[in-house]
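My notebook is open, and I am looking things up one entry at a time.

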Amino acid sequence: MEHVLRLEGLRKVFGETVVLDDVNIDFEKGEFHALVGENGAGKSTIIKAISGVHQPDGGKIIYKGKSVKFTSPTDAQRAGISTMFQEIQEIPEMSVAENIYLGREIGLLGGRIINKKQIIKYAQKLVDDLGLNLDVTKKMRELPVSTRKMVEIARAVSQNASIVIMDEPTANLNAEEIATLFKMIDMLKEKQTTIIYISHRMNEVFSLADRVTVLRDGKKVATLNNDEYDEKSLITMMIGRELVEMYPKREAEIKDVVLDVENFSLEGYFQNVSFNVHAGEIVGFSGLDSSGANAVTKALFGMTEIKPNGKVTCSGKAVKMKNPAVSIKQGIAYLPEDRKTQGLFLNQNLVNNYTISSLKSVFSKFYIINHRKELSKSSEVSDIMKLKANGLHSCPNELSGGNQQKVLLGRWMLDEYKLLIMEEPTRGVDVGAKAEIYNQINRLAEQGLAVIIYSTDMMELIGMSDRILVFSSGQLTATLDKGEATQEKIMEHALVR
């Protein structure tokens with residue numbers, strides 16, 4: 001096979017930390033090559049080195065037979081390397097079409113005037129060919145996160161690149177959108193485009209990859225063909241130890257009803273939804289985009305501008321869904337799906353991030369904060385969560401995705417709550433951290449907390465939930481017990497119109 005890209009002895013150092021240590025990988029023309037490893041293993045640093053975001057401190061990048069040094073992502077893009085970073089790269093106030101052709105605008109009069117009509121025409125044809133039901137004249141800010149991610153994928157396809165790098169491309173996508181992405185990947189492979197793919201979802205790696213490279217602590221562990229590994233051996237290589245069970249067993253002691261929801265409705269999102277959640281129970285929410293599942297979780301925590309209708313009680317008391325602060329006072333805790341923009345204070349220390357929701361109830365008296373108690377309790381939570389950080393003075397923006405999520409979950413361990421609502425609890429989290437987060441969720445349930453998990457990862461829901469509620473078109477279409485829930489049954493009820 002022809003090598004389109006080769007990394008030779010690649011090295012990168014940040015301060016005193018070696019994040020890439022003598023990494024050697026070759027990527028063949030037209031192959032699907034997955035990079036796997038725990039958060040902090042070096043995956044993202046590798047793609048940033050290839051795409052010109054970071055300059056290596058040692059080694060070589062050989063592209064199409066020549067040693068190259070890209071000084072920016074634009075340099076790499078011009079050379080034929082298109083990168084989809086984990087964080088969406090967009091200009092919200094510009095249209096879909098303008099974002100797709102940003103930096104490659106079609107011009108008139110020798111390129112001095114942008115030909116907007118042609119841009120719209122070409123962009124609409126592209127999204128139509130890719131099977132995306134999308135008006136390219138819409139502004140990006142008007143679209144949900146999943147659709148914005150699909151636009152970024154369309155942009156990568158439009159560039160006719162030799163190499164397309166995808167960092168967690170399915171993180172915000174539902175089942176239908178993931179299927180569309182996989183069709184795009186097939187189209188790219190037919191064009192002999194090399195795909196470098198990062199994902200924490202092992203099923204994607206097993207079903208798509210021609211080869212996989214395992215990284216751990218900045219070093220390459222192995223590069224393997226798809227017939228040379230199974231899930232157990234791959235995870236063992238990734239984390240350096242055997243992971244006995246991804247979804248830990250829990251002796252569910254289901255007690256009294258904590259949350260009781262009757263005829264819950266939010267205009268334009270969901271109608272007449274009724275269900276309950278017991279103490280000690282984990283209830284999963286599943287549904288495709290716009291199914292209403294995600295809207296129910298947000299409405300319960302008071303995060304919607306329009307106030308919902310219906311009867312909702314928590315431990316027998318009526319829930320006032322005015323805003324998140326009121327919800328917290330009523331004993332409801334919440335982990336949002338986007339931890340960086342909706343949950344964490346990225347530039348504040350871990351103590352502030354842990355204690356923000358319980359300052360008044362736990363850490364202050366007569367409006368004076370007990371900082372010693374803050375430090376003590378924050379340290380205890382860090383130990384429980386097995387947090388990897390350089391002390392409590394660290395900020396979340398210095399941590400891996402898995403450790404950021406641990407901080408967010410740890411926030412709700414400092415006070416007593418009745419209900420914990422979680423959206424995408426392990427999105428962008430490596431397998432080792434996933435297992436630790438699942439253990440903590442189980443521990444909270446065993447202590448009597450009622451838990452709701454909304455997730456687009458059906459295996460996660462099946463592995464963790466006592467019951468799964470399936471939503472479609474704003475309706476609750478099925479309630480599946482643990483013993484009967486399968487991916488096929490979930491999809492069957494999620495596609496009901």
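**Entry: two helices.** I looked up helix α5 (residues 145-158) and helix α6 (residues 175-190), whose axes come within 11 Å and cross at roughly 5°. Here axes are lines fitted to C-alpha atoms, for helices over the stretch in contact, and angles run from 0 to 180 degrees between N-to-C directions. α5 and α6 are therefore roughly parallel to each other. My note on the cut-offs: angles under 35 degrees count as roughly parallel, over 145 as roughly antiparallel, 65 to 115 as roughly perpendicular and the rest as oblique.

Which residues make the contact? From α5 I listed Ser146, Thr147, Met150, Ile153 and Val157, and from α6 Glu177, Thr180, Leu181, Met184 and Leu188. Contact means heavy atoms within 4.5 Å. I sorted these residues into 6 nonpolar, 3 polar and 1 charged. For that sorting, Ala, Val, Leu, Ile, Met, Phe, Trp, Tyr, Cys and Pro count as nonpolar, Asp, Glu, Lys and Arg as charged, and the others, Gly among them, as polar.

**Entry: what I am looking at.** This is a predicted model, where local features need pLDDT of at least 70 and side-chain atom pairs count only at pLDDT 80 or more, while totals for chains, interfaces and linings use all residues. Residues are numbered from 1 along each chain as its sequence is written, and side-chain values use heavy atoms, with hydrogens and water left out. Helices (H or I, at least four residues) and strands (E, at least two) are DSSP runs, numbered from the N terminus.

**Entry: strand β3.** Is β3 (residues 32-36) enclosed or open? 5 of its 5 residues are buried, so the strand is largely enclosed by the rest of the structure. Buried means under 20% relative accessible area, exposed over 50%, partly exposed in between (1.4 Å probe, protein chains only). Phe32, Ala34 and Val36 cover one side, His33 and Leu35 the other.

I then checked its partners, where two strands pair if DSSP finds at least two bridges between them. β3 runs parallel to strand β10 (residues 194-198) over 4 bridges, with phenylalanine 32 opposite isoleucine 195. Another 4 bridges join β3 in parallel to strand β11 (residues 211-216), where leucine 35 has threonine 213 as its bridge partner.

**Entry: an open sheet.** I found 6 strands in the order β18-β21-β22-β15-β23-β24, with mixed pairing. The edge strands, each pairing on one side only, are β18 (332-335) and β24 (475-481). From one strand to the next, the twist averages 20°.

Within this sheet I looked at β15 (residues 282-287), where 6 of 6 residues are buried. Ile282, Gly284 and Ser286 point one way, and Val283, Phe285 and Gly287 the other. β15 pairs in parallel with β22 (residues 450-454) over 4 bridges, and phenylalanine 285 stands opposite tyrosine 454. It is also parallel to β23, with 5 bridges. By contrast, β23 (residues 467-472) and β24 are antiparallel over 6 bridges, and leucine 469 pairs with threonine 479 there.

**Entry: cysteines.** How many disulfides are there? I counted 0, taking a disulfide as a pair of cysteine sulfur atoms within 2.5 Å. I also noted that cysteine 314 is buried at 3% relative accessibility, and cysteine 395 is buried at 14%.

**Entry: alanine 79.** This residue sits in helix α2 (residues 73-79) and is partly exposed at 29% relative accessible area. Not counting residues up to four places away in sequence, alanine 79 touches Tyr63, Lys64 and Phe70.
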